[in-house]
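Hi everyone, thanks for coming. Please have a look at the model on the screen, and then we'll walk through it together.

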Amino acid sequence: MSDLIVRGVLTGLIQRPRLIHRHSEALSEFVTLADRWAALLDALLDAAHRSGADGLDPPILMTILQSKGLADAVDRLKSGGKPPFSFCVPVGEPADQLREARIAEDFAEAIEVMITRPRLEAALQDVTRRFENDMQDGLFLEQQQLRARKVAFDQRLIELTERG
């Protein structure tokens with residue numbers, strides 16, 4: 001999976017920690033797939049859980065992450081440049097509620113893409129392997145449907161970057 005979407009989601013969580021609670025279940029499931037970002041994602045989830053739904057803002061979150069020894073992970077996240085998603089931009093002062101609602105929708109879509117795409121890739125690999133061993137028409141059709149869904153998810157990712 002593209003590191004871009006994972007970096008974007010993590011950056012969005014740091015910019016808008018209140019989104020962690022809204023998506024905590026999906027994010028918790030993703031921790032095992034987050035590879036080199038797993039410790040940072042786990043710490044974000046833990047900080048949000050301990051602080052409650054509204055008790056976490058970016059400066060407090062950064063203090064918590066630094067106290068957990070994750071300053072290097074945050075620096076590594078930032079060193080890759082700002083991902084091109086709307087939710088990676090800092091919240092304006094005063095916050096524009098309409099803009100923030102649109103950003104929250106973009107973020108929810110990014111979470112769905114981030115979590116569903118690896119599942120599609122795994123399913124596609126599985127059906128391709130089975131098709132190579134047994135050339136059934138049903139497996140070919142399933143393979144083509146999965147490829148189409150994967151292309152659709154890639155297109156959604158492109159659209160999300162264009163909204164940034």
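So, in what order do the elements of the chain run from the N terminus on? They go α-α-α-α-α-α-α-α. The chain has 8 helices and 0 strands; here helices (H or I, at least four residues) and strands (E, at least two) are DSSP runs, numbered from the N terminus. Before we go on, this is a predicted model, where local features need pLDDT of at least 70 and side-chain atom pairs count only at pLDDT 80 or more, while totals for chains, interfaces and linings use all residues. Residues are numbered from 1 along each chain as its sequence is written, and side-chain values use heavy atoms, with hydrogens and water left out. Along the principal axes, the C-alpha atoms fill a box of roughly 55 × 35 × 30 Å.

Now, helix pairs. Two packed helices are described by the angle between their axes and the distance between the axes. Axes are lines fitted to C-alpha atoms, for helices over the stretch in contact, and angles run from 0 to 180 degrees between N-to-C directions.

Take helix H4 (residues 38-51) and helix H5 (residues 58-67): their axes are 10 Å apart, and they pack at an angle of about 125°. H4 and H5 are therefore oblique to each other (under 35 degrees counts as roughly parallel, over 145 as roughly antiparallel, 65 to 115 as roughly perpendicular and the rest as oblique). Which residues meet there? From H4 we have Leu40, Ala43, Leu44, Ala47 and Ser51, and from H5 Leu61, Ile64 and Leu65, with contact meaning heavy atoms within 4.5 Å. By class, that contact has 7 nonpolar, 1 polar and no charged residues. (Ala, Val, Leu, Ile, Met, Phe, Trp, Tyr, Cys and Pro count as nonpolar, Asp, Glu, Lys and Arg as charged, and the others, Gly among them, as polar.)

Next, H7 and helix H8 (residues 137-163) cross at roughly 155°, and their axes come within 9 Å. That makes H7 roughly antiparallel to H8. Their contact has 13 nonpolar, 3 polar and 13 charged residues.

Last, the largest pocket: an open set of points on a 1 Å grid over the protein atoms alone, where a 1.4 Å probe fits, with protein on both sides within 12 Å along at least five of seven lines. Its lining has 18 residues, each with an atom within 4 Å of a point. Gln15, Arg16, Arg18, Val91 and Glu100 lie nearest the centre. Which helix gives the most to that lining? H7 does, with 4 residues.
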